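Let's take a friendly walk through a protein model together. Have a look at the sequence and the structure first, and then read on.

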Amino acid sequence: MAARQVTDENGQALALNPFARRALARFGRVEYRLGTGGFLQRRARIDIVLPPLVNGLQRSNGLVFRWRGLDGALDGQLGPGQRQPIWSGTITAPLTPLAIDLELELELDALGPWNGGAFGIEPGFELVTLP
């Protein structure tokens with residue numbers, strides 16, 4: 001999904017600043033629906049996980065995936081190769097919806113050779129059952 005807005009470190013449109021050091025991409029509300037039917041009536045925690053390697057990124061500490069939880073999801077942030085709890089509770093339906101207000105911060109000098117095209121990362125989710 002494309003970002004709704006991409007700005008530099010000063011809040012100006014990234015495309016207008018050829019000397020920008022950072023890009024802040026705001027996606028707004030993003031909804032995920034996770035298949036949790038095999039865990040009905042069980043207590044669980046759902047973690048959001050980023051892959052350790054991101055195509056085009058030369059150093060993992062140059063990227064921060066940050067969100068504000070909506071509709072019961074937890075707030076958090078993480079970088080490539082990290083995991084963070086995003087929800088905890090009892091699974092009550094075969095699909096568990098998670099909604100977040102998402103933004104991505106990228107240090108532009110962390111990118112490898114790049115032609116100005118699309119850059120992205122797709123999170124994964126892992127469910128951990130709780131006692």
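## Salt bridges across the fold

The count comes to 12 salt bridges, where a salt bridge is a side-chain nitrogen of Lys or Arg within 4 Å of a carboxyl oxygen of Asp or Glu. Please keep in mind that this is a predicted model: local features need pLDDT of at least 70, side-chain atom pairs count only at pLDDT 80 or more, and totals for chains, interfaces and linings use all residues. Residues are numbered from 1 along each chain as its sequence is written, and side-chain values use heavy atoms, with hydrogens and water left out.

| Glu-105 | Arg-22 | 2.9 Å |

Arg-66 in strand S4 and Glu-103 in strand S7 are 37 residues apart. Through shared partners, salt bridges join Arg-22, Arg-66, Glu-103 and Glu-105 into one network.

How accessible are these side chains? Buried means under 20% relative accessible area, exposed over 50%, and partly exposed in between (1.4 Å probe, protein chains only). Glu-105 counts as buried because its relative accessibility is 18%. Arg-22 is partly exposed at 32%, and Arg-66 is partly exposed at 23%. In the other pair, Glu-107 has a relative accessible area of 30% and is partly exposed, as is Arg-59 at 28%.

## Two open sheets

Strands of a sheet pair through backbone hydrogen bonds, either parallel or antiparallel. Here, two strands pair if DSSP finds at least two bridges between them.

An open sheet of five strands runs in the order S1-S2-S7-S4-S5, with antiparallel pairing. Its edge strands, S1 (5-7) and S5 (76-78), each pair on one side only. Between S4 and S5 there are three bridges, and Phe-65 has Leu-78 in S5 as its bridge partner.

An open sheet of three strands has the order S6-S3-S8, again with antiparallel pairing. The edges are S6 and S8 (124-129), each pairing on one side only. The twist averages 25° from one strand to the next, with axes being lines fitted to C-alpha atoms, for helices over the stretch in contact, and angles running from 0 to 180 degrees between N-to-C directions. Seven bridges join S3 and S6, and Arg-45 stands opposite Ser-88 in S6.

## The nonpolar core

Which residues touch the most other members of the largest nonpolar core? They are Phe-65, Trp-67, Ile-86, Leu-98 and Ile-100, out of 27 residues. Such a core is a set of buried Ala, Val, Leu, Ile, Met, Phe, Trp, Tyr and Cys residues joined through side-chain atoms within 4.5 Å. The elements giving two or more residues to this core are S2 (22-35), S3 (43-49), S4 (63-70), S6 (83-90) and S7 (95-107).

Leu-98 makes contacts (heavy atoms within 4.5 Å) with residues including Val-30, Tyr-32, Ile-46, Ile-86 and Phe-125, leaving aside residues up to four places away in sequence.

Definitions and conventions. Helix = DSSP H or I, 4+ residues; strand = E, 2+ residues; numbered from the N terminus.
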